Amino acid sequence: FRILRAFRIFKAAKGLQAIIATLANSLSALMNLFGMLALVFFIFSVLGITIFGGICTDGDQGQPGYQAVACLFTDPDLMFQPHAHFKGIGVALLTLFRVATGDAWGELLDAAQVAPGSRVVSDSAWESFNGLMETVPAAELQVFEKNFMEVTGETFELTRDAAALPLNIASIAIWRWHAAVSGLEDDLAWPYPGSAPEGEEWMAVATNVLPSCLDEREVLHLEALGLADCSVGGYKKACASTCGSPIGGFLFFSLFVCLAAFVLLQLVIAVLMEQLNAEEDDKSAGNVLMPGATTLRRQVFDRLYRRWRWNAARVLRNRKQRFERRTSGQSLQGAQKAREFDDLETVSHSKDLIEPPVLQPLGGNGFSPMAGKTPALGERMLS
């Protein structure tokens, strides 16, 4: 506990004492501001979960099986970090605290603004897809097309001018990727195990035709076909869009930073400064000269008066103790006199301690709180 000796510095550091006193006196006002700040954090955390709860977190692409599909389309640099995201109220509050402190919240803004890329099948992607399709057994492809028609009620089209061509290509690519890597979840290179290089080739085609992220229509389409699984901890959960909102992300983070980092924190500083100025005003009021005095100030007079009250109480207490010792073995008449003496001393004591002494000038340079007292008592106090 020797480290606690460092607190001795507070005895000599008057400035630190003033700051601590300011914090203690303004605690009630600060509690109201902290309550308002907590309410702002809670509101924005709920909004963040609603708007950005589906955005992938770095590491989600490493989940087993189809649970990794939704996040395989997003660049890891545009994902939320494992310790800063909006998939739960607790971690959302911690994320907002990081934003309020200004700790690299630009990365979070980039992830919140991720948007789906162009849904156009380029010539290179089309050629790669056709080359990989030559390795797909015709019987398996027929089963896939039949399942597609049963689920969606639409014809499976792979023509160059089909409107749903990007999504259909991605569906086949995900299906073939899973067929290639199934059972290799324990591989350190998952989701692209080195023993199944064709899996990475298929997912390269899928991410080429559906770059950046999956919107709500696309991810629900894949979930309906059984090509995406968004369950958490064994509990079934509907898939949501893995895209953010460029405008919504900018407004969300900008507004929160303005409220948390500028408005509320500046209000806290204003409350502390107001309390500190009030205490300084009280101290300056104590340096005011007493009426009619040239050197005696109010602070000095108050200190003298407190000292005089303490001495007077001590003298009266000693007198009472001596009187009780003298009358301790006497008769009932002596006890009655003791009670009368107590009443007399109580009246005198209350008059001396409650009412301030009458000030009388001492040569024009000050006032004496001893005026009006008996010479004997004044001599004992000065000795």
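Okay, let's start at Ala-104, which sits in the loop between helix H4 (89–101) and helix H5 (105–112). Helices here are DSSP runs of H or I with at least four residues, strands are runs of E with at least two, and both are numbered from the N terminus. Ala-104 has a phi near 50 degrees, a positive value in a residue other than glycine.

A quick word on what we're looking at. This is a predicted model, where local features need pLDDT of at least 70 and side-chain atom pairs count only at pLDDT 80 or more, while totals for chains, interfaces and linings use all residues. Residues are numbered from 1 along each chain as its sequence is written, and side-chain values use heavy atoms, with hydrogens and water left out.

Then look at the loop between H8 and H9, where you'll find Pro-191. The peptide bond from Trp-190 to Pro-191 is cis, with omega near 15 degrees. Why point these out? Because most residues other than glycine have a negative phi, and most peptide bonds are trans.

Now zoom out. The protein chain has 14 helices and two strands, and 36% of its 383 residues are buried.

On to the inside. A nonpolar core is a set of buried Ala, Val, Leu, Ile, Met, Phe, Trp, Tyr and Cys residues joined through side-chain atoms within 4.5 Å. The largest one has 42 residues, and Phe-73, Phe-129, Ile-169, Ile-172, Trp-177 and Trp-202 have the most contacts inside it. Helices H6 (123–133), H7 (138–152), H8 (165–181), H9 (197–209) and H10 (216–224) each give two or more residues to this core. Which helix gives the most? That's H8, with 10 residues. Apart from this core lies another, of 23 residues, including Leu-96 and Phe-252.

Last stop, Trp-202. Contact means heavy atoms within 4.5 Å. Leaving aside neighbours within four places in sequence, Trp-202 is in contact with residues including Phe-129, Ile-172, Arg-176 and Trp-177.

Note on methods: Buried means under 20% relative accessible area, exposed over 50%, partly exposed in between (1.4 Å probe, protein chains only).
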